[in-house]
Amino acid sequence: MRRVCIIGISGKLGQYMTEHALQRGYQVVGVCRPESMRKLERFGDRITAFPGRTNDRSVVERAVRGCDGILTVLVPWGVEGYATGTAQAVLDFAEPGARLVFSCGWHISRDGRDVYPWRQRLFVAVFGPLARLFRFADLEDQVEACRRVFASETAWTVVRWSDLEEGESEGLPVWSRHVGDPVLASNLTRRTDFALFMVHALTDDSLIREAPAIVSCQSASARAPGGSPGGPSG
């Protein structure tokens, strides 16, 4: 792995991924909205940023050229297929053989075998329709984006996050193939560690065509007897 593109580089997660990628000696390029470019000033000339919406196909095409890995934050903003457009652009323009790592929430299910806690089901049932009604976000857009990733022949990984919090790193999160696995019960991960897992996935071949749901390795559920030290489980 030499050159990595981060789609959505200016957000909190994107900036954490940038830090982890630079620490590994990767060349880092990224895509972010023009109005967010100032958020990247602290990285100086250590990165190359392409201003544009992350679903702008022409911008994504230029940014991913020559990249061995692509880290993509799938955000379902608006009701115009933003996440789907982003994912499709990455799938269409990634270099052959590039490692593609996408982020999304636990509500995404690859095989329908996830068992969600009632709070998660309630959130999706209430927030989803309201967000779409007010044209703020469309959870189904993220579902469709991931469906296209799952159907592709690329070397993809879709990392599904638990609830996130700020704080110092606690180490590489543990993961399971299915929500509902007791190891995930704590439902909390440091945001920097979610980013760490994304960057780690670039070089972990055991994660190719997996959709790991993650949780902090220091969480009570991960440290309980029988908890997985690093996945897979479930």
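How many salt bridges does the count come to in this structure? The count comes to 11, where a salt bridge is a side-chain nitrogen of Lys or Arg within 4 Å of a carboxyl oxygen of Asp or Glu. This is a predicted model, in which local features need pLDDT of at least 70 and side-chain atom pairs count only at pLDDT 80 or more, while totals for chains, interfaces and linings use all residues. Residues are numbered from 1 along each chain as its sequence is written, and side-chain values use heavy atoms, with hydrogens and water left out.

**Whole chain**

Start with a cartoon view: there are seven helices and 10 strands. These are DSSP runs numbered from the N terminus, with at least four residues for helices (H or I) and at least two for strands (E). Of the 234 residues, 52% are buried. Buried means under 20% relative accessible area, exposed over 50%, and partly exposed in between (1.4 Å probe, protein chains only).

**Salt bridges**

Select Arg2 and Asp68, whose side chains form a salt bridge at 3.4 Å, N to O. Arg2 lies in the segment before S1 and Asp68 in the loop between H2 and strand S4 (69-73), so the pair ties together parts 66 residues apart in sequence. Arg2 is exposed, at 57% relative accessible area, whereas Asp68 is buried, at 19%.

Next, select Arg57 and Asp92, which meet in a salt bridge at 2.9 Å, N to O. Arg57 is in helix H2 and Asp92 in helix H3, 35 residues apart. Both are partly exposed: Arg57 has a relative accessible area of 36% and Asp92 one of 39%.

**Nonpolar cores**

Now select Cys5, Ile70, Leu100, Phe102 and Val158, the residues with the most contacts inside the largest nonpolar core, which has 30 residues. Such a core is a set of buried Ala, Val, Leu, Ile, Met, Phe, Trp, Tyr and Cys residues joined through side-chain atoms within 4.5 Å. Helix H3 (82-93) is one of the elements that each supply at least two residues of this core; H3 gives the most, with five. Apart from this core lies another, of 27 residues, among them Tyr16 and Val199.

Select residues 191-201, helix H6: 10 of its 11 residues are buried, so the helix is largely enclosed by the rest of the structure. The buried ones include Arg191, Asp193 and Phe197.

Finish at Arg160 in strand S6 (residues 155-161). Arg160 is buried, with a relative accessible area of 1%. A polar atom of its side chain lies 3.0 Å from the backbone oxygen of Arg177.

How values were computed. Polar contact = N/O pair within 3.5 Å; in protein donor to acceptor, adjacent residues only side chain to side chain.
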